[in-house]
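Student: I have a model open and would like to learn how to read its features. Could we go through it together?

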Amino acid sequence: MSTSQLPSVDPTRTAAWATLQSERDALSGTHLRALFAADPGRFARFSLRLHGLLFDYSKQKVRAETVQALLALAEQCGVPAAIEAMFAGARINATEDRAVLHTALRDGSGGPRMVQTPAGAEDVMPAVRAVLAQMRAFVAALHEGSWRGATGRQIRHVVNIGIGGSDLGPAMVVRALEPDWLPHCRVHFVSNVDGAHLATTLAPLDPAETLFVVASKTFTTQETLTNAHSARAWLTGALGEDAVAKHFVALSTHEAAVRAFGIDPANMFAFWDWVGGRYSLWSAIGLPIACAVGMDGFEALLHGAYEVDTHFRSAPLGENIPVLMALLGVWNHNLLGSTAHAVLPYDQSLERFAAFLQQADMESNGKRTTRDGGAVGWSTGPVVFGEPGTNGQHAFYQLIHQGTQVIPCDFIACARSRHPLGDHHDKLLANFLAQPEALMRGKTEAEARAELVAAGKDEAAIAALLPHKVFPGDRPSSALLLDALTPRTLGQLIALYEHKIFVQGVLWNVYSFDQWGVELGKQLAGAILPELQGGPAQVHDSSTAGLIAAIAALR
């Protein structure tokens, strides 16, 4: 294995960390209300714009000195060098001895992008462009009707079979871009090995008009291959074995396994080991996106991400939106003690965005080992959750406003709706603006009392209700405001979070691009499966053994 291209730095031993601890203490008695009152220019000071996108972090519990200390932390932890190493194709995923080069998939510069291999530097762009051309030809054939099923009928439904990064990203994007869907076919997603997911998806479909996209880099993922074989049986039961070649394509790197399944290798779309699963929607894994919105729409998505990549690589740290997002997250999590982070899109089309970010963030940085193999001595990531507004307001905002733990929030909205309907969007934006203001301001006891008096409550009722009507406020949030949710702006949004996650991994001194933590459960499931199918009993703890016996008895 090669040596890591990133140095191992204990963030808590940097000079900047000590300064940040002093900042935390200095700000501990200062309410966000007071910070706004003291600085009428706070919004202008703590907001940035990029290609029409606005990032407002003025409601974070920071002052200018805090931001300077955070920027010093980024310098002392080697963030600028890490950014350059990633873009240069260095093998910074050291535990898997791989480069991290998903940014090359959306590189619109027209120039080369080099990856460092054992044999030396190699330009990846010819291969990237070849796959994009292959995708364009396929999508055109699908929508023009020249790609037809085994019976000669046009394909009307595309079913993507994948899991994790081969599902969450494409499924989120396809849902988000519903106004851009082309009329000729619909895209569906199956991921869960629970048979209900595949069965209910296929129930209304006609095999003669259905195409399956099997997304698995190694073509060995248990859930994906189980679903793929069941889909194959469904298809061949109706159309025969010869139909497989016309109704299945593969997104994979394992040609022999793809061929053995019955898929023509000419219909295999390749990607590379420097594309991590949760960063792969920009690759051939994005084929279902292109099927849904067309290749022009897919390339607009890539372009939006490329705009952010260019900003991330070139902007000074203090003007770098992903870097600031990452630093504010470390400030809230490690210095202020917040254990969760809420992502709250005020756009129903982004209903799968928080689920996508859960994998991108928690699988990337949920680590307990430093880059030099030691034990992490600090927390490496919050629990990420979210739900579109205004639904979330009627679900969990109570805890965010008045609960005993402080949960920083990202509020996301679009100035213009792609589904204009009466005054719906104005009301949506009113809530988008009101919630972070309420979290920042809160409601004092005096303000709550005045409201109760104005409502005509007597002193006994006021005394009983007053403690429940007080909001502490002083709860941090950031806002991301887009023009409208288009392929380009969605690409920008996703890339911002990708780079934020990478920077946080650098700051926390962990490898963000492996996921060894998912392996143990897979190994144990593989051992248990034969027992559930009548094989000999294995040695387990009493709980697992008891549950296996209970399942057998219930069956």
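Tutor: Happy to; we will take the sheet, a hairpin, a helix pair and a salt bridge in turn. Keep in mind that this is a predicted model.

Student: Let us begin with the open sheet. In what order do its five strands lie, and is the pairing parallel or antiparallel?

Tutor: The general idea is that strands of a sheet pair through backbone hydrogen bonds, either parallel or antiparallel. Here the order is S6-S5-S7-S8-S9, with parallel pairing. Strand S6 (186–190) and strand S9 (268–269) are the edge strands, each pairing on one side only.

Student: How many bridges join S5 to S6?

Tutor: Five bridges link strand S5 (residues 157–161) with S6, and the two run parallel.

Student: Which strands does helix H8 lie across?

Tutor: Helix H8 (residues 195–202) lies across S5, S6 and strand S7 (210–215), and runs at about 160° to S6. Look next at helix H9 (residues 222–239), which lies across S5, S6, S7 and strand S8 (248–251) and runs at about 160° to S7.

Student: What about S3 and S4: do they run parallel or antiparallel?

Tutor: Strand S3 (residues 114–117) and strand S4 (residues 120–123) run antiparallel, joined by four bridges. A hairpin of two residues connects S3 to S4, and Val115 stands opposite Glu122 in S4.

Student: Now the helices. At what angle do the axes of H14 and H19 cross?

Tutor: Two packed helices are described by the angle between their axes and the distance between the axes. For helix H14 (residues 353–365) and helix H19 (residues 487–508), the axes come within 10 Å and cross at roughly 20°. Angles under 35 degrees count as roughly parallel, so H14 is roughly parallel to H19. Their crossing is right-handed.

Student: Which residues meet there?

Tutor: Among them are Phe353, Phe356 and Leu357 in H14, and Leu493, Ile494 and Trp508 in H19. By class, the contact of H14 with H19 has nine nonpolar, four polar and two charged residues.

Student: Finally, how many salt bridges does a search of the whole structure find?

Tutor: Side chains of opposite charge can pair when their charged atoms come close. The search finds 29 salt bridges. In one, Glu447 pairs with Arg33, with the closest N and O atoms 2.8 Å apart. Glu447 belongs to helix H17 (residues 445–454) and Arg33 to helix H2 (residues 32–38), so the pair ties together parts that are 414 residues apart in sequence.

Notes
Residues are numbered from 1 along each chain as its sequence is written. This is a predicted model: local features need pLDDT of at least 70, side-chain atom pairs count only at pLDDT 80 or more; totals for chains, interfaces and linings use all residues. Side-chain values use heavy atoms; hydrogens and water are left out. Two strands pair if DSSP finds at least two bridges between them. Contact means heavy atoms within 4.5 Å. Axes are lines fitted to C-alpha atoms, for helices over the stretch in contact, and angles run from 0 to 180 degrees between N-to-C directions. Angles under 35 degrees count as roughly parallel, over 145 as roughly antiparallel, 65 to 115 as roughly perpendicular and the rest as oblique. A crossing is left-handed if the near helix is turned anticlockwise from the far one by less than a right angle, and right-handed if clockwise. Ala, Val, Leu, Ile, Met, Phe, Trp, Tyr, Cys and Pro count as nonpolar, Asp, Glu, Lys and Arg as charged, and the others, Gly among them, as polar. A salt bridge is a side-chain nitrogen of Lys or Arg within 4 Å of a carboxyl oxygen of Asp or Glu.
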